[in-house]
Amino acid sequence: MAAVVAAQPHFIFGVRTGVRNNLCFVDEQTVVFPGGNSCVCFNTVQRCQRFIPGSENSQGMRALAISANRRYLALSECGEKATVTVFDLQHDQGRKRKVLTAGDALVGEFVCVAFSPDSKYLIGQAGGPDGTLVFWLWEKQKVLATVKTGNSVNSVTQVSFSPHDNTRLCVSGSGVFKLLRYSEGALKQSRTAKVESVNVLCHAWVTEERVVAGTDAGTLLVFESGNLRREINVAPEAARGDRRVEMKKITDGDVDEGPRVTAILSYSKGFACSLGPGTVCLFERDEEDGYRRSRDIRIPADPCSNEPTSAESQEIHTMCISPAEETLAVSTDRGQLYGFSLSSVELNKVDCLPGSWQSNFPSTSAPHVDSDQPFVCDSVHQEEHFEFLSQSFHSKSITGLSVCIRKPLVATSSLDHSVRIWNYETKLLELYKEFQEEAHSVALHPTGLFILVGFSDKLRLMNLLIDDIRTVKEFTVRCCRECAFSHGGHMFAAVNGNVIHIYSVTSFENILNLKGHNGKVRGVEWSLDDTRLVSCGTDGAVYEWNTQTGKRQSESVLKSCSYTDVSFSSDCRTILAVGSDLTLKEIQDCQVLREVPADEVAHAAVAVSHSGRVVFTGTSGGTVRAVKYPLPIQKEWITYQAHCGAVTKMAITFDDQFLLTASEDGCLLMWRIIDKEGRGLKSNRQIIHTEEILVTKSDLEEKTQNMLELKLRLNELQMENEYQLRLKDMNYNEKMKELSDKFSQQIECLNTMLQATKTEVEKQAREHQESSAEAAVKHSLELKDLEVSYSQKLVVEYERNQDLQHEGQRMREDYEKQLRDAEESKVRSLEELTRLSEAKLQEKTQLLVQCQEDAQQQVREFKEMMRQVEEDEKSKIHDIQIHYEKKLHTEKEANANLKGETGVMTQKFHSLQRQIDDRCTDIKQLKQERQRLLGLVRSLESDIEDLKRQISGHEKTNQDKDQTISSSKKKNQELEKLKFVLDFQLSELKKQTEPQQDLINEKKEHIHQLEEQLLQMEKSNTRLNLSVSELRLKLRTRNKEAHQETLKMKDLETHLQRLKSDLHDCVGFLQDPRKLKESVQTIHARYVAQTDEVKKSGGDEDVRSALVRQRDHQEKTVNGLKTRLARSAEEHERAYVKIMKEKGTLISEINELRKELHAARTRLRDQAAQLAALNRSDGSRPKGRREEPEHQADG
C-alpha cells in the first residue's frame, strides 16, 4: 500500500525481560538492549535511539550476544524453527548479515549464544530436553559441529568461548559443567566436573585456564583446567564479622543457603559478580594470583516507592562493562537499567596476608586443592550505589495512557502500582509515584496540571506538583478501568462497570450517569466540542451520548463482537471501533459504513490522527498498523513490529507529531508520524506549550526556610573558611621564613662557588688569548697566499667577461630588428581579424536569436513529452508489478508442486528399499530351503534331478535380483551427484543476483536524494508565497483602517454642521433667558459626549499621510517579493529538468538490471525443471523392475 502517512519508531521507555544477556555495550556511550520486539541502540549522552527490528514471524527473543570487536550483534529468536540472526552494528540501520539455523536438527529455541574472540565463530545452546550445542562458521552460514550437552534432568543455561582460544568452550547449567574443544571437525569433551547436585547459574573465564562459576546457593566455584579447585562461600555482611570469605572443600551435600550468584563478569583487573538482590561485588587480582574483595555496589532505595527497599531487592540478571572499562552497567529482573562509573573511582589496594585462610581447609585435603595461599581475601572495602542508566521504567503491564494539550507530557499507569509522567520532547521521566494498590486507568487534564487515576476502591483527582503527585479529591468510583477529561477540561467521565459517570471538575458534582450498556465499558472518548461522548463495551454496543441531556443520540449493537476501543474521526462525524471480530468498523447514524477485514490477529486499540489522514490500530500480537483514511475496502495497511505483548492503549499528540503505544510488556513506544517524503506532518493547530508548574504553599515556605538556613550556613562556612585561611597564612609565613633562611645559606654557598669559578674562567681566558694570537698569525699567512692566487683568476675572468659583453650587444641589436618586423605584421593581422570577427558576430547573433526561439519551442515540447512519459512509465511500472506478482505466485505454486513430487519420490524410494529388504529375506529363506533339500538327497534319490533344476532356477533369479539392486544403487548415486551440481549452480546464481540488487538500491538512494533537493526548493517557494500572502493581508488591513478613518471624519463633519445649525437656532433665544438655557443644555447633552472624537479630528491629515507612506512601502515590498518568486521559479524549473534527466537514466539502468534478473530466474526455472524430470524418470524405472520378481515368484 502506498500510504500517504507512515510511522517510524523514535524512542522507547522500557526493557524486555526474559532475554539472556539483554544488555551490551557497543562503545563508551552506546548500549544495546531489547525493547518491545526490537533491539535498541541507546546513546546515553545524546539520548537518541536506533532500532533494529526483529523477525516478522518471531515468537519472542531468547538471547543476545555481541562480538569481541563490538561490530556484530547476534539475536536468538524462537518460532517454527529457531534462528540466530547476526546484525552489523556499524551500518546505520543495523543491516542483517546472516540468518543461522541448526540445519537438519529440530531446535525450538537457542537459550544462549556467544561469539568467539576473533568474531569468526558462533555457538548456540538449544533449549529443551535435547540440549544440542551448535558450532557455526557464521559468515558462511555453515554448521561445523553439533554435540548434545544436556538431558531431560540437567539443562544448560550458559555457553562461552575462552577469550584466548577459539577452539575451547565452556558449558554450564543445572548439574552441568563441561569444557569442550573443537578439533577434527567435531566438538570433543575435554573435562567434566562432578557437580550433579549443584545448580550453576553463570560462569566467566578469568584467565586462560581458570573459570569462576556462580551457584544458586551463593557460592563461587573456581575451576582450573576443568578441575574443581575451590568453593568460596560469600556470607552476607552481617554474618561475616571479620569480613572474611570462608573457603572449604566442596562436597555433594554440604552447601549452605545464601544469596544467588546470577551474573559474573570478567575484566582486566579481576571479576565482578552479583551477590544477592541488588548487590554487585568487585574482586581485584593481587600479586599472589589471588583475589580480594575491593568494593560493593548496591542498587539504591527508591524514595518514590511505597516500599523503598523494593528496589534493593531486585535480582541482577546481566552485567556488562564498556570497552575502556570506565562504566559498569546491569539489568534487573524488573526491567531496570543501572550504571556505575569506574573511571572516577580508585579501587583500594590492600595486600592479602598469605596463609590467613589455611585454617579453613581440612588437614586431609584432596591433592588438587592448593592450600599454600588463599584465592580470595576480603579487604577493607567501601560501598557505592548504582545510578539509573537512563531512567526508571514500568516493570509490568501498562493499563492507562493519556496526553495533554498545553504541555508535552504523557501519563501512564501500570500494574506495578506506579503512575509515571513522561516528557516526549526531552525523552525524560518528569514525575513518578508508587501507590499501595494497582492503577487501572489514568487521564491527564488538558492543562497538564491535574491527573485522574482509577484504583480498585476509588477514583482520585490529583495535582501534579514540581516533585510529587498529591491527592485533591477522591470519588467513590470502584474499579475504574476507563476515565477521560473533556477537551475543555471542565468535566471528566469515569467508568464503573457498565455505568459512565460524568463529574464537574470545578464543583466535583456528579452531573450525569449514563446507563445503557449491559457489559463492561471498555472505551470512552469526548468529541472536540465536548457535547458528545462515545462509548463501547463487551456487550457489542457502541453508544453516542449527549453530554448535556444524558440521552443517547445513536447506537450500534453487534452482540457477536466484544469491543475493546473506540474513537471519533477527526471531524467527529463518524465513529471508529475495534473488537474481537477482527475488523475495523466505521459507524455513522447507527449504521456501519465500512469494515476493514483483518487477518488472524485482533485489533485491541485504535487512534485517529487529528489531520484525518490515517488511522492507527494496535493488535493483540503487539504490532501496529497504519490504515489510510477514508478506510479502504480491502486489506490495505502497513504493519510495524512494535511490542512483544498485546497493545493496551494508543494515543496521538495534539500536534500530530508522535504516536504513543503502550503494551502488556510494560514498554511505552514513541513513533514519529511522517508523510511519504519522510517529513513530519504539518498540523493546522498552533499549540504553544507552557512551563507553569504547581507548588504548594507549605513546600514553598519550606524551601524558603531551607534557603535561609543555607544562607546562614554559608555565612558560617565563610567565617570558618576565613579563619582557616588566616591559620594557613600564619603557617605559610613560618614556612616561608624557614625557606628564606635555608635559601640564604644556599646563596652564600653558591657565592663561594662563584668566586672559584671566576678564577678558573680568568685562567682559561688567558690561555685562550695566547692560542688565538698564534692562530691569527697563522691565518694571516694563509690569507696572503689566497689573495695572490685569486688575483690571477680575476684577471682571466675579466677578459672572458669583455668578450661575452660584445657578443651580447650584437645579439640585442638582431633581436630588436626582429621585434620591429613582428610588430608590423601583428598590426596588419589584427586589423584583418577584427574585420572578419565583426562579420561572424553579426551572423552568430542572428543565429543565436533563432536558436533561442527553437529552444523555447523545444522546452515546451519537452515538458509535454515528459508529462506523457511520466504517465506512461507509471502505467508500465504498475503493469510490470502486476506481471511479476503473478509470476511470483506461479513460481510459488510450481515450488509447492515440486516439493510434493519430491515427497512422493522419497516415499517411492522407501517402498523400494523395503521391497529389496523383503527380497533379501526371501533369498535367505531359499538358501535355508536349499540346505534342507541337500540333506534329503540321500533319502530321495529318485527326485534328485527335479530338485537340482529347481535349485538352478532359484540361483538364476537371485543373480538377476542382485544385478537389479546394484544398478538401482548406481543410478541413485548419479542422481545425488546431479542434485549436488544443481544446488551449486543455484548458489552461484544467487551470488550473481546479489550485487545487481545492491546496484538497484544505490540508484534508488540517488533518486531519493534528488527528490529531497526538489522538496527543499518547494519549501523555499512555499515560504515566499506565505510571506507574499502575509504582506497582502497587512495591506488589506491598512486599507480597511484608512477607510474607517475617512468614515469617522465624515461623521465628525456632519456632527459639526448639526452643531452650527443648533447654535444658530439658539441665537434666536437671546431675549428669552429660560429658553436660551434649555437650548444650551440640550446642545450640551447632545454633543458633549463626542468631544473626544472632535479632538481627534485634528490629526486626520497626519493619519492619511502615514497610511499613504505605509501603502507605498508595502507595494515596494510586494514587488520585490514577486521578483524573488520569479527567480526562484526559474531555478526550480532548471533543477526539475536536471532531476528528470537523471531519473530517465536511472530508470533505464533499472530496466536493464531487471532484464538480467529475469534471465537468471528463467535459467533457474529450467534447471529446476530438469531436476524434476530426472526425478520423475528415476521414479518410473524401479516400478517395472519391481514387477519382474513378482512374476518369477508366481512362476
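Modeller: Happy to! The largest nonpolar core has 50 residues, and those with the most contacts inside it are Phe33, Val410, Phe616, Met650, Leu659, Leu668 and Trp671. A nonpolar core here is a set of buried Ala, Val, Leu, Ile, Met, Phe, Trp, Tyr and Cys residues joined through side-chain atoms within 4.5 Å. Buried means under 20% relative accessible area, exposed over 50%, and partly exposed in between, with a 1.4 Å probe and protein chains only.

Please keep in mind that this is a predicted model, where local features need pLDDT of at least 70, side-chain atom pairs count only at pLDDT 80 or more, and totals for chains, interfaces and linings use all residues. Residues are numbered from 1 along each chain as its sequence is written, and side-chain values use heavy atoms, with hydrogens and water left out.

Let us stay with Leu668 for a moment. Leaving aside neighbours within four places in sequence, Leu668 is in contact (heavy atoms within 4.5 Å) with Phe11, Ile12, Phe13, Ile398, Leu401, Val410, Thr412, Trp422, Leu660 and Thr661. There is also a second, separate core of 18 residues, and among its members are Val86, Ala102, Leu122 and Ala126.

Of the 1195 residues in the chain, 38% are buried. Among contacts between residues at least 6 apart in sequence, 51% join residues at least 24 apart.

Leu389 gives one such view of the fold in detail. Leu389 sits in the loop between strand E31 and strand E32 (398–403), and counts as buried because its relative accessibility is 16%. Leu389 touches Val31, Phe42, Thr44, Ala329, Leu337, Tyr338 and Gly339, not counting residues up to four places away in sequence. With Gly339, the separation is 50 residues in sequence and 5.0 Å in space, C-alpha to C-alpha.

Now to the strands around that loop. E31 belongs to an open sheet of 4 strands in the order E27-E28-E29-E31, with antiparallel pairing. Its edge strands, each pairing on one side only, are E27 (316–321) and E31 (387–388). Two strands pair if DSSP finds at least two bridges between them. Within this sheet, 5 bridges join E28 (residues 327–332) to E29 (residues 337–341), and Leu328 stands opposite Phe340 in E29.

Another strand worth a visit is E16 (residues 176–183), which is largely enclosed by the rest of the structure because 6 of its 8 residues are buried. E16 runs antiparallel to E15 (residues 165–173), with 6 bridges joining them, and Val171 stands opposite Lys178 in E16. The hairpin of E15 and E16 has 2 residues between the strands, and Gly175 takes a positive phi near 75° there. On to E17 (residues 186–192): 6 bridges join E16 to this strand, again antiparallel, and Arg181 stands opposite Lys188 in E17. E16 and E17 also form a hairpin with 2 residues between them, where Glu184 in the turn has a positive phi of about 55°.

Finally, Ile693 lies in the loop between strand E58 (668–675) and helix H2 (697–935). Ile693 counts as partly exposed because its relative accessibility is 47%.
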